[in-house]
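Please look over the sequence and the model below before reading on.

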Amino acid sequence: MKSPAHRTRDIERQAGYLKPEHCAPPPPRTSSDTMWFIRDGCGIVCGVITWLLVFYAEFVVVFVMLLPAKNVAYSLFNGVLFNGLAFLALASHARAMCTDPGAVPKGNATKEFIESLQLKPGQVVYKCPKCCSIKPDRAHHCSVCKRCIKKMDHHCPWVNNCVGENNQKYFVLFTMYIALISFHALILVAFHFVLCFEEDWTKCSNFSPPATVILLILLCFEGLLFLIFTAVMFGTQVHSICTDETGIEQLKKEERRWAKKSKWMNMKVVFGHPFSISWLSPFATPDHGKADVYQYIV
């Protein structure tokens, strides 16, 4: 018995299913289309919450723990390290949110475009009935973005965007830097508690002892929660990249129809060719090198 995915594919192979006459030509791009941004209420709220939580951690680390510290070298080193990692985390978040994840041109399932593919007998193309697009291989439709996304892994409300072939690097960096600042914050909280227990609480913080304890406990809870969440997400993303299989492809157990590459080559496809320090920079757009050319015809 065929799976539902196979039955759907069989329907898409029927010539009448494409119905190009029902698709209007894609609208021309305007200046407002230059920046990618999903207007989803839930995603926007989650994105704002993410930034506010990072700013809260910044406030507690700097004003509650580092500035009152007597050791200037200790405060300076940890302040530069934490703020640097937090800046990279927020920059990665912004790039992941405002980068086109690999959207297929909307409404390209027109008669002219299908004829330009010069289909031969036995060749088929897949059409998405929701966004009226001819789907290249390994593309999936996102109901939130309302577009078909190349190599779509999943839609993440925390970055208010899909994670696809063009922004996966920034999403991985975001999870890595959030995990690092969460771990750093937990270490600083532990040191500060030890310091305050050994000395007078009124001397180890500019805030009252009850306020200091509450602020530190909240930061500890936030750091522990996001350390676990982002570390697990980082691990699953790296595993997905190394195996060259997206989250959706793993979930649907789709048949592998693309060439198998080494794990190192898969990493370079996502982070850029060749290996360099720019892999860790959210400001460097990856050069995908000899990445697979997605085919419309199968």
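Accessible areas here come from the Shrake-Rupley method with a 1.4 Å probe. On that basis, the protein of this predicted model exposes about 16,300 Å², and carbon and sulfur atoms supply 68% of that area. Of its 298 residues, 44% are buried. The protein has nine helices and six strands. Among the contacts with a separation of 6 or more, 70% are between residues 24 or more positions apart.

A pair of aromatic rings is described by the distance of the centres and the angle of the planes. The structure holds eight aromatic pairs. One of them joins Phe 59 and Phe 207: the ring centres are 5.9 Å apart and the planes stand at 75°, so this pair is edge-to-face, since planes over 60 degrees apart count as such. Phe 59 sits in helix α3 (residues 41-66), while Phe 207 belongs to the loop between α6 (168-198) and α7 (209-243); the two are 148 residues apart, and the pair links distant parts of the chain. Phe 59 is partly exposed, at 33% relative accessible area, and Phe 207 is partly exposed too, at 30%.

Another pair is formed by Trp 264 and Trp 279, with centres 5.3 Å apart and planes at 35°, so the pair is tilted. Trp 264 lies in helix α9 (residues 263-271) and Trp 279 in the segment after α9, so the pair ties together parts 15 residues apart in sequence. Trp 264 is partly exposed at 46% relative accessible area, whereas Trp 279, at 7%, counts as buried. Ring pairs also link these two tryptophans with Phe 271 and Phe 275 into a cluster.

Technical notes: Residues numbered from 1 in each chain as written. Predicted model: local features only at pLDDT ≥ 70, side-chain atom pairs only at ≥ 80, totals over all residues. Heavy atoms only, no water. Helix = DSSP H or I, 4+ residues; strand = E, 2+ residues; numbered from the N terminus. Buried < 20%, exposed > 50% of the residue type's maximum accessible area, 1.4 Å probe, protein only. Contact = heavy atoms within 4.5 Å. Phe/Tyr/Trp six-rings, centres within 6.5 Å; stacked < 30°, edge-to-face > 60°.
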